[in-house]
Structure formats: C-alpha cells, structure tokens
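Here is a short briefing on one protein model. Please look over the sequence and the structure before reading on.

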Amino acid sequence: MSTSGPGRQGPNRMLDEFARMMTDAAGAAQGVRREVETVFRAQGERFLNQMDLVQREEFEAVRDMAAKARMENEVLKKRLDDLEARAPSAKPKAS
C-alpha cells in the first residue's frame, strides 16, 4: 500500500497551494508597505522643503561662524582694554 496514492495527494496539493497563496499575499503586502513608505517619505520631504527650514549642515556652519566671531570679539575687547589702560588720556569722554 503506497502513501502517495490519490487520497494523500489531494490534501497535500491543497496545502501546497494554500501555502503558495499565503506567500504571494505576504509578498504583495510587503510591496504595498514599501510603496506607502516611499510615498509618505516623499510627501514629508516636500512638506519640509515648503516650510523653508534650514538644513542641519547650514545651521552648524553658521553656529561655528558665530562662535568664532565671539572668540575674536573677546580677543579684540581685551586688546582694546589693554590699549586704553596704557593711554588713559586717549579715552573718549562721556558727555
């Protein structure tokens, strides 16, 4: 008696077809998810571009420039204070 007779082949084939259908459905769902993510990301980028927000790189560059300018101002202020201390008669008089 063989286990591969017509009685055993029917349910196995149905299970194989069901498994294949479920695999195809899972693949299609994953494709839809990727498509939705792509559309959502594109819409988000378009929205952010319309808001005229500054990019991180631009912000960091300006922040670094401002920090450098503050340091230079401190150096110049100290130099000016030293020069004024050496020549007190050169100080402008307050009215």
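Lys-78 is exposed, with a relative accessible area of 53%. Exposed means over 50% relative accessible area, buried under 20%, and partly exposed in between (1.4 Å probe, protein chains only). This is a predicted model, in which local features need pLDDT of at least 70, side-chain atom pairs count only at pLDDT 80 or more, and totals for chains, interfaces and linings use all residues. Residues are numbered from 1 along each chain as its sequence is written, and side-chain values use heavy atoms, with hydrogens and water left out.

**Overall build**

- The protein chain has 2 helices and 0 strands. Both terms refer to DSSP runs numbered from the N terminus: H or I over at least four residues for helices, E over at least two for strands.
- Helix 1 covers residues 6–50, and helix 2 covers residues 56–86.
- Of the 95 residues in the protein chain, 1% are buried.
- Accessible areas come from the Shrake-Rupley method with a 1.4 Å probe; for residues, only the protein chains shown count as cover.

**Confidence**

- The average pLDDT of the protein chain is 85, and 82% of the residues score at least 70. The score gives the predictor's confidence in each residue, from 0 to 100.
- Residues 1–7 have pLDDT below 50, and this stretch has 1 contact in the model beyond near neighbours in sequence. A contact means heavy atoms within 4.5 Å.

**Salt bridges**

- The structure holds 6 salt bridges. Each one is a side-chain nitrogen of Lys or Arg within 4 Å of a carboxyl oxygen of Asp or Glu.
- Side chains of opposite charge can pair when their charged atoms come close.
- In helix 1, Arg-20 and Glu-17 lie 3 residues apart, about one turn of the helix. They form a salt bridge, with the closest N and O atoms 3.1 Å apart. Arg-20 is partly exposed at 47% relative accessible area, and Glu-17 is partly exposed at 43%.
- Glu-37 and Arg-33 also form a salt bridge, with 3.6 Å between the closest N and O atoms. They are 4 residues apart in helix 1, about one helical turn. Glu-37 is partly exposed, at 36% relative accessible area. Arg-33 is partly exposed too, at 46%.
- About one helical turn separates Lys-78 and Asp-82, which are 4 residues apart. Asp-82 is partly exposed, at 36% relative accessibility.

**The loop between the helices**

- Asp-52 sits in the loop between helix 1 and helix 2. This residue has a positive phi of about 55°, although it is not a glycine. Asp-52 is exposed, with a relative accessible area of 69%.
- Met-51 is also placed in the loop between helix 1 and helix 2. At 41% relative accessibility, Met-51 is partly exposed.

**Nonpolar patch**

- Phe-47, Leu-48, Met-51 and Leu-53 make a nonpolar surface patch of about 400 Å².
- Patches take residues with over 30% relative accessible area and no salt bridge; like charges are joined within 9 Å, and nonpolar side chains (Val, Leu, Ile, Met, Phe, Trp, Tyr) within 5 Å.
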